[in-house]
Amino acid sequence: LSKVLDLPPENLIKSISAVPVSKKRHVADFQLSVASVTEDSSSESSAQDLHLQAQKLAERLKCDAVVSEISTGPGTVNFRINRELLAKTVLQQVLKDGSEYGVKSELFCTVPRQKVVIEFSSPNIAKKFHIGHLRSTIIGNFIANLKVALGHEVIRMNYLGDWGMQFGLLGVGFQCFGNKEKLKSSPLQHLFEVYVQINKEADDENVKKLAKDFFRKLEEHDEQTLSLWKQFRDFSIEEYIRIYKRLGVHFDEYSGESFYQQKSQEVLKMLEDKGLLQKTVKGTGVVDLSEKKDLSLFSTVMRSDGTSLYITRQVSPDLAAAIDRMNKHSCDTMIYVTDKSQSSHFQHLFQILKLMGYDWAERCQHVSFGLVQGMKTRRGEVVFLEDVLNEVRSRMLQNMASAKTTKEIEDPVETAEKVGLAALIIQDFRGLLSSDYQFSWDRALQSRGDTGVFLQYTHARLHSLEQMHGNEQLTDVNVACLQEPDAISVLQHLLRYDEVLYQSSQDLQPKHIVSYLLTLSHLAAVAHKTLPVKGSAPEVAQARCCLFQAARSVLANGMKLLGITPVTQM
């Protein structure tokens, strides 16, 4: 193509794509989009023009040892690759690159390596770790995994809600109802109970006064008060780390609003010095974000009594945190993963940073997600993340116990946890992140259909096939044995993996990878039925083994990116 079109080969990389496998069984493996390589692409070429151009271009191309057939489609030139070469190249590439298959693709060669801070999960101490936090945790983890796989340097940051008036209330509550032993053994549960209890009396004038006093002491760094607050925070983080471990998630840094109290004041002073801080009649401090500077759009950064706001996520600690991170890590970009109700907060945040003269604000990004409805456990409402993990594990154990196919497995509890987690993640990642969805245990945990359970089941089956015939020599496979349509479909699908990774790396949506892996599992399941290894001639068995190993390898890679640990028995 480079010769005929007189374009350098690297200009064509993104114009040629692998053809998705469909029920109609395309003959072609690759297609070139004609619109992306024609000079006059600025003018709207009609479909007829493009078709004509495709035909003209196809006439100038000749088949050879690599390309066995050239045809045209609506605005595309399609190439069918020599079947044996296709099988040989794909299998060699997958088995040679291993966990880096797809990532080493030339699609990524122009992408600069970056340093990224990703802020995700970020629960509030002493409050419920609700389903929104679960979404933030698994989405942030996916983005971090993907960035790391593509060679970027990632800092995983958990920004805790660990400051504010509610700690005044919590402190008083703990002095009344707290128990040091319970705080050590189950801090999240205990602090939550204390908070609920003291909240019932929150309107009592005396309690209000005590809470205010406690928080004032905290702000003045009174030793005793600070030491109690530190216990709340430290024990909570310890327990979070244990729960995150069950999720397969870790953080490089636990930050929090408490770190930025002093710095918030400095930011307010900076805003004032730059003439960006305005006082309203009521005495609140605002930053004007409107185009006409008529306060038709503004962001409130300070209450009338001079303290930072504690109503929503506060602007000034967030400004201070962003500036501090940029100074400390000098990263190329920052990504915040929170629900979509905070979209305008982040728009304002980035706008204010730009007004302050920080150009890097343009490289900050808010990845927002929708709400999950209907997630309940058998005991009722979900209060803590652990409730969800325990529920999914017990339901999965039950399903495994009642399934006829379950073999004796070494660690059923561990397996149930990993399979259950896959079910949660796939149900969550199937659609656009910004859509709300209705959660259903039954749908998530089905073993057939497009679920995480099906992915795990496929992986375990392919793994046991490998164990049974795994001592096959996989270097010089006779690829002439892999010419059946079901084998070709798997190979064609494996060809597309890098494009799917590229798509997800561009819009940070996991759904592209999810649907790719589900299709891979369906294609592998069909091939598993129609292309038996057992009882075939040694040469055929060996070639098929190699095909299934390649499929399992790519399936495992994709699952790990999504935050799923592939199981080997089920």
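Q: Why does D234 count as partly exposed?
A: In this predicted model, D234 has a relative accessibility of 31%.

Q: What makes the pairing of D234 with K230 a salt bridge?
A: The closest N and O atoms of D234 and K230 are 2.9 Å apart. The cut-off for a salt bridge is 4 Å between a side-chain nitrogen of Lys or Arg and a carboxyl oxygen of Asp or Glu, so the pair qualifies as a salt bridge. Both residues lie in helix α9, 4 residues apart, which is about one turn of the helix.

Q: Why is K230 called partly exposed?
A: The relative accessibility of K230 is 44%.

Q: Why is T225 called buried?
A: T225, also found in helix α9, has 5% relative accessibility. Buried means under 20%, so T225 counts as buried. Leaving aside neighbours within four places in sequence, T225 is in contact with F214, K217 and L218.

Q: What makes the approach of T225 to D222 a polar contact?
A: The side chains of T225 and D222 come to 2.4 Å. A polar contact requires N or O atoms within 3.5 Å, and the pair is accordingly listed as a polar contact.

Q: Which parts of the chain does the salt bridge between E484 and R544 tie together?
A: The closest N and O atoms of E484 and R544 are 3.1 Å apart. E484 lies in the loop between α16 (452-469) and α17 (485-495), whereas R544 lies in helix α20 (residues 538-562), so the pair ties together parts that are 60 residues apart in sequence.

Q: Is R544 buried or exposed?
A: R544 has a relative accessible area of 9%, and the limit for buried is under 20%; R544 is therefore buried. E484, with a relative accessible area of 25%, is partly exposed.

Q: Why is E386 described as buried?
A: E386 is found in helix α13 (residues 385-402) and has a relative accessible area of 15%. That value is under 20%, so E386 is buried. Not counting residues up to four places away in sequence, E386 touches E239, R242, I243 and R246.

Q: How do you know that D436 and K340 form a salt bridge?
A: The side chains of D436 and K340 meet at 3.1 Å, N to O. The limit is 4 Å, so this pair is a salt bridge.

Q: What describes the contact between domain 2 and domain 3?
A: Domain 2 comprises 115-273 + 308-373, and domain 3 comprises 403-562. The contact takes 22 residues from domain 2 and 22 residues from domain 3. The area buried between these domains is about 2000 Å², of which carbon and sulfur atoms give 62%. Between domain 2 and domain 3 there are 3 salt bridges and 12 residue pairs in polar contact. Among the elements that give two or more residues to the side of domain 2 that touches domain 3 are α4 (131-149) and α9 (223-247). The largest share, 9 residues, comes from α4. By class, this side of domain 2 has 13 nonpolar, 5 polar and 4 charged residues.

Technical notes: Residues numbered from 1 in each chain as written. Predicted model: local features only at pLDDT ≥ 70, side-chain atom pairs only at ≥ 80, totals over all residues. Heavy atoms only, no water. Domains from an automatic or database assignment. Contact = heavy atoms within 4.5 Å. Buried area = accessible area lost by both parts, 1.4 Å probe. Polar contact = N/O pair within 3.5 Å; in protein donor to acceptor, adjacent residues only side chain to side chain. Nonpolar A, V, L, I, M, F, W, Y, C, P; charged D, E, K, R; others polar. Buried < 20%, exposed > 50% of the residue type's maximum accessible area, 1.4 Å probe, protein only.
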